[in-house]
Amino acid sequence: MTKALVVYDSFFGNTKRIAQSIGNALGRPEDVGILRVVNVRPEQLTGLKLLIVGSPTRAFSPSPAIKKFLKNIPRNGLKGVKVAAFDTRVTDEEIDSAVFILRTLVNIFGYAAKPISDRLEKKGGQLIAAPEGFFVHGTEGPLKEGEIERASEWAKQILAKQ
């Protein structure tokens, strides 16, 4: 039985790479599943000790597939499960160099990881780490240098809290 599951959505491959780095840092493939959200079956959430969910930030929110996945988790369906959330997002430098309104909108609406972690908690999960963002250059990437390693370190910090 899988002890940990990393569920992600990805449009250009960046969030997938972060999810794989997190999953690989969490443990052996037989103990840690890394699944694209469209491939997750409800029974795969049964008996989990840790669930990490990640999405690219799209219009200041998680992807539609991640939103649907979270909505379909039964009430208290994550009771006793430790949870964490991450997203991929453009760099702060790119936001600051964009039109002024973009920084204002980011300040108001934020990124995808926070609403994901909020929803995981509402479904009964115990938040084990603050929502985390990993940086992508532009809309399609590539990932900012060092982000794969930072994702691995973040996962190791989560493991240490188990």
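Colleague: Which side chain does Thr 88 make a polar contact with?

Modeller: The side chain of Thr 15, at 2.7 Å. A polar contact here is a pair of N or O atoms within 3.5 Å; within protein, one must be able to donate a hydrogen and the other to accept it, and residues adjacent in sequence count only if both atoms are side-chain atoms. This is a predicted model, where local features need pLDDT of at least 70, side-chain atom pairs count only at pLDDT 80 or more, and totals for chains, interfaces and linings use all residues. Numbering starts from 1 along each chain as its sequence is written, and side-chain values use heavy atoms, with hydrogens and water left out.

Colleague: Is Thr 88 buried or exposed?

Modeller: Thr 88 is buried, at 6% relative accessible area (buried is under 20%, exposed over 50%, partly exposed in between, with a 1.4 Å probe and protein chains only).

Colleague: What is Thr 88 in contact with, sequence neighbours aside?

Modeller: Leaving out neighbours within four places in sequence, the contacts of Thr 88 include Asn 14, Thr 15, Ile 18, Phe 134 and Val 136. Contact means heavy atoms within 4.5 Å.

Colleague: And which strand does Thr 88 lie in?

Modeller: S4, residues 82–90. Strands (E, at least two residues) and helices (H or I, at least four) are DSSP runs numbered from the N terminus.

Colleague: Changing topic, how many helices and strands are in the protein?

Modeller: Six of each. From the N terminus the order is β-α-β-β-α-β-α-α-α-β-β-α.

Colleague: What share of the residues is buried?

Modeller: 44% of the 162 residues.
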